[in-house]
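My entries follow the order in which I checked them.

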Amino acid sequence: MRQIVFWGIICRIYDLCYEKIGKNCAEAKDRREYKKVTKQIAQLIKWKGNDTAKALIDELKQTYPRRPALLDELGKVEKRLKS
């Protein structure tokens, strides 16, 4: 029972991170701000939110295909998922 409650809390934290990082990315306008966004994604990966991070990266790439600096920074953090 405790594991189910704990896992539910963890999933909710991942969801909140997903929403917040997505909002931060929408407000970001330059590479410096994109790096802050990818640093947040890296933290999510560190917290074992790999599936959430992958889904977020995919969504951001699809949402912002005309932001080459963002795509570059996302590519860098995506490499951490594969290693």
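**Helix packing and salt bridges**

I began with glutamate 78, which is buried at a relative accessible area of 8%. I note that the model is predicted.

I then looked up the partners of glutamate 78. Its side chain forms a salt bridge with lysine 54 (2.7 Å, N to O). Glutamate 78 belongs to helix 4 and lysine 54 to helix 3 (residues 50-63), so this pair ties together parts 24 residues apart in sequence. A salt bridge also joins glutamate 78 to lysine 61 (2.5 Å, N to O). Lysine 61 lies in helix 3 as well, so that pair links parts 17 residues apart in sequence. I recorded lysine 54 as partly exposed, at 32% relative accessibility, and lysine 61 as partly exposed, at 29%.

Next I examined helix 2 (residues 31-46) against helix 4 (residues 68-82): their axes come within 9 Å and cross at roughly 20 degrees. The crossing is right-handed. Among the residues in contact are Tyr34, Ile41 and Ile45 of helix 2 and Leu70, Leu74 and Val77 of helix 4. By class, I list 9 nonpolar, 1 polar and 6 charged residues in this contact.

Which salt bridge does arginine 31 form with glutamate 73? I found their side chains paired at 2.7 Å, N to O. Arginine 31 is in helix 2 and glutamate 73 in helix 4, so the pair ties together parts 42 residues apart in sequence. Arginine 31 is partly exposed, at 35%, whereas glutamate 73 is buried, at 5%.

Terms used:
Residues numbered from 1 in each chain as written. Predicted model: local features only at pLDDT ≥ 70, side-chain atom pairs only at ≥ 80, totals over all residues. Heavy atoms only, no water. Axes fitted to C-alpha atoms, helices over the stretch in contact; angles between N-to-C directions. Helix = DSSP H or I, 4+ residues; strand = E, 2+ residues; numbered from the N terminus. Left-handed = near helix turned anticlockwise from the far one by under 90°. Contact = heavy atoms within 4.5 Å. Nonpolar A, V, L, I, M, F, W, Y, C, P; charged D, E, K, R; others polar. Salt bridge = Lys/Arg side-chain N within 4 Å of Asp/Glu carboxyl O. Buried < 20%, exposed > 50% of the residue type's maximum accessible area, 1.4 Å probe, protein only.
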